[in-house]
Amino acid sequence: MGYEIKLLENGPILVKGPLRFVDSTGKEQLIERDWIALCRCGGSQNKPFCDGTHRKVNFVGAEVKFYTP
Ligand code: FES
């Protein structure tokens, strides 16, 4: 299975799921969504996930895409 990551223009980092998420305490959680949105503006109240705050803070960031070969 390949990996795909997209940095949306002025928005979050999308990672193609499903993914296994491990938090700072070592607790694991399987996230079975097709896409997971991670905050890159720093403003989310639900880090590491995006909660839409990037729109309120007018976050500016270029679109970038990464794919496995
Ligand atoms: S990128 Fe969406 S809340 Fe930070």
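A: Let's start at P48, which sits in the loop between β5 (35–38) and α1. A word on the ground rules: residues are numbered from 1 along each chain as its sequence is written. This is a predicted model, so local features need pLDDT of at least 70, side-chain atom pairs count only at pLDDT 80 or more, and totals for chains, interfaces and linings use all residues. Helices (H or I, at least four residues) and strands (E, at least two) are DSSP runs, numbered from the N terminus.

There's another cis bond between G17 and P18, with omega about -5 degrees; P18 is in the loop between β2 (13–16) and β3.

Now for positive phi. N10, in the loop between β1 (4–7) and β2, has a phi of about 60 degrees although it is not a glycine. N58, in the loop between α1 and β6 (64–67), does likewise at about 50 degrees. How buried or exposed are they? Buried takes 20 or more other C-beta atoms within 10 Å of a residue's own, exposed 12 or fewer, partly exposed in between, with C-beta atoms placed from the backbone. N10 has 14 such neighbours, so it counts as partly exposed, while N58 has 8 and so counts as exposed.

A glycine joins in too: G26 takes a positive phi near 90 degrees in the hairpin of β3 and β4, which has five residues between the strands.

As for confidence (pLDDT, the predictor's own per-residue score from 0 to 100), the chain's mean is 95, and 99% of its residues reach 70 or more.

Methods. Pairing = 2+ DSSP bridges.
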